[in-house]
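Please keep the sequence and the model in view while reading.

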Amino acid sequence: MKDAFDEFKAVAFKIGSEEFAFHVEQVLSIEKTQRVTVVPAMPKHVQGVINLRGTITPVINLSTLLFSEAESNPHDYSSQRYIVVKYEDKPFALVVDEATDVLDIPHDSIQTNTITDQNIPSYLTGISKLENRLLTILDVDQLLISEASALKHETLNYSLGSVEHEIQHSR
């Protein structure tokens, strides 16, 4: 019998043909995409903001963030999803090409020393080999540390304030 501590639940998703996973405890919800309000002067990977159940939520394109450029593969935009996560009590909607499943990942399937480059980002916690799949395990908190500080920029705060004002007055 397996011990509950021998594995953890993860949300698996795709960006292009690559598979990734977040620990399920780092995920608030998975949502269909919706119209994004563009915010001027934001980094290329920040698509803008959405109104997610009354909360202004930044939308970050994970393909652009992780790979510097969006994958050149043709996208099926109908399968794109937002994986909504929380960092410092604020939600972030992370755009992925497809949310595939929630699965159990055994701790002993994760290899952390597969790449020896010292420039590996801190948000890459390991690679899990499951049957015929390789999943790169990402840590949401580490991924968003730099994003949260970048999104505290005056332009975004000003823009978010005006968007929140519009939403409150449109009710």
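## Basis of the description

A residue is called buried when its relative accessible area is under 20%, exposed when it is over 50%, and partly exposed in between, using a 1.4 Å probe and protein chains only. By that definition Phe 22 is buried, because its relative accessible area is 0%.

The model is predicted, so that local features need a pLDDT of at least 70 and side-chain atom pairs count only at pLDDT 80 or more, whereas totals for chains, interfaces and linings use all residues. Residues are numbered from 1 along each chain as its sequence is written, and side-chain values use heavy atoms, with hydrogens and water left out.

## The sheet

Strands here are DSSP runs (E, at least two residues), numbered from the N terminus, and two of them pair if DSSP finds at least two bridges between them. An open sheet of 6 strands runs in the order β8-β1-β2-β11-β10-β9, and its pairing is mixed. Its edge strands, β8 (98–106) and β9 (110–111), each pair on one side only.

Within this sheet, strand β2 (residues 18–23) and strand β11 (residues 133–138) pair in the parallel sense over 4 bridges. Phe 22 has Leu 138 as its bridge partner in β11.

## The aromatic cluster

Rings of Phe, Tyr and Trp (its six-membered ring) pair if their centres lie within 6.5 Å, and planes under 30 degrees apart count as stacked, over 60 as edge-to-face and the rest as tilted. The structure holds 3 aromatic pairs. In one of them Phe 13 and Phe 20 are stacked, at 5.8 Å centre to centre with 20 degrees between the planes, and both of these residues are buried. The pair of Phe 13 and Phe 22 is tilted because the planes stand at 40 degrees, with the ring centres 4.9 Å apart.

Phe 13, Phe 20, Phe 22 and Phe 67 together form one aromatic cluster.

Ala 10 lies in strand β1 (residues 7–15) and is buried, with a relative accessible area of 0%. Leaving aside residues up to four places away in sequence, the contacts of Ala 10 (heavy atoms within 4.5 Å) include Phe 22, Val 24 and Leu 103. The C-alpha atoms of Ala 10 and Ile 137 are separated by 8.8 Å, although these residues are 127 apart along the chain.

Asn 61, in strand β5 (residues 55–61), is also buried, with a relative accessible area of 13%. A polar atom of the Asn 61 side chain lies 3.2 Å from the backbone nitrogen of Thr 64. Asn 61 touches His 45, Gln 47 and Val 95, not counting residues up to four places away in sequence.

Notes. A polar contact is a pair of N or O atoms within 3.5 Å; within protein, one must be able to donate a hydrogen and the other to accept it, and residues adjacent in sequence count only if both atoms are side-chain atoms.
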